[in-house]
Amino acid sequence: PLPSECRAARLRGEIAQRDLEEVAHSDLMLLFTELPSIRSRGGKWVEFGVALICGIRIWVVGPPENLLYWHPGVGQRFDAWDECFDILAKFCSCEG
C-alpha cells in the first residue's frame, strides 16, 4: 500500500477507537434506528454492544432494525425524536 493509504487506515483506526472510548464513558446512549430498507453500515450496533457491556443507559429512537431493539438493556424506546427530546429535557432537569 501507498504511505498515504497506510496513514488513512491508521487514522480510521484511531477514530474508531476514540468512538468506542467515548461510548464507554457516556452516561446515556441515544441510538437512532432506520427503516430496514435504508442501507446501514452497522457500526452503531457495535457501539450499542459497548454500551450494553459498560452498563450505560440506552434509549432507542426509530423503528426496530433487529432483535437487539428489544434487548432488556434498552431503557426507553421512542418512535420519533420529539418524544425523546421531551423526556430527555425532563431527565436533564432532574439530573442537573
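Glu-83 lies in helix 3, where helices (H or I, at least four residues) and strands (E, at least two) are DSSP runs numbered from the N terminus. Please keep in mind that this is a predicted model, in which local features need pLDDT of at least 70 and side-chain atom pairs count only at pLDDT 80 or more, while totals for chains, interfaces and linings use all residues. Residues are numbered from 1 along each chain as its sequence is written, and side-chain values use heavy atoms, with hydrogens and water left out.

Staying with Glu-83, this residue is partly exposed, with a relative accessible area of 35%; by that I mean a value between the two limits of under 20% for buried and over 50% for exposed, with a 1.4 Å probe and protein chains only. The areas themselves come from the Shrake-Rupley method with a 1.4 Å probe, and for residues only the protein chains shown count as cover. Along the chain Glu-83 and Val-61 are 22 residues apart, and their C-alpha atoms are separated by 8.8 Å.

Asp-79 sits in the loop between strand 3 (74-78) and helix 3 (81-95), and Asp-79 is exposed, at a relative accessible area of 67%.

Helix 3 also holds Trp-81, which counts as partly exposed at 30% relative accessibility. Together with Leu-30, Phe-32 and Phe-85, Trp-81 makes a nonpolar surface patch of about 360 Å², to which strand 1 and helix 3 each supply at least two residues.

Let me turn to charge pairing. Side chains of opposite charge can pair when their charged atoms come close. The term salt bridge is used for a side-chain nitrogen of Lys or Arg within 4 Å of a carboxyl oxygen of Asp or Glu, and a search of the whole structure finds three of them.

One of these joins Arg-10 to Glu-14, with the closest N and O atoms 4.0 Å apart. Both residues lie in helix 1 (residues 3-24), four residues apart, which is about one turn of the helix, and Glu-14 is partly exposed, with a relative accessible area of 46%.

Another pairs Glu-34 with Lys-44, the closest N and O atoms being 3.4 Å apart. This pair links distant parts of the chain, ten residues apart, since Glu-34 is in the loop between strand 1 (28-32) and helix 2 (43-54) and Lys-44 is in helix 2.

Because Lys-44 lies in helix 2 and Glu-65 in the loop between strand 2 (57-61) and strand 3, the pair ties together parts that are 21 residues apart in sequence. Glu-65 counts as partly exposed at 26% relative accessibility, and salt bridges that share partners join Glu-34, Lys-44 and Glu-65 into one network.

What of the cysteines? A disulfide is taken as a pair of cysteine sulfur atoms within 2.5 Å, and a search of the whole structure finds zero of these. Cys-54 counts as partly exposed at 41% relative accessibility, while Cys-84, at 0%, counts as buried.

Two further residues remain. Ile-56, in the loop between helix 2 and strand 2, is buried, with a relative accessible area of 9%, and from C-alpha to C-alpha Ile-56 and Leu-11 are 27 Å apart in space and 45 residues apart in sequence. His-71 has its place in the loop between strand 2 and strand 3 and is partly exposed, with a relative accessible area of 30%; the C-alpha atoms of His-71 and Leu-52, which are 19 residues apart along the chain, are separated by 9.4 Å.

Key:
Patches are made of residues with over 30% relative accessible area and no salt bridge: like charges are joined within 9 Å, nonpolar side chains (Val, Leu, Ile, Met, Phe, Trp, Tyr) within 5 Å.
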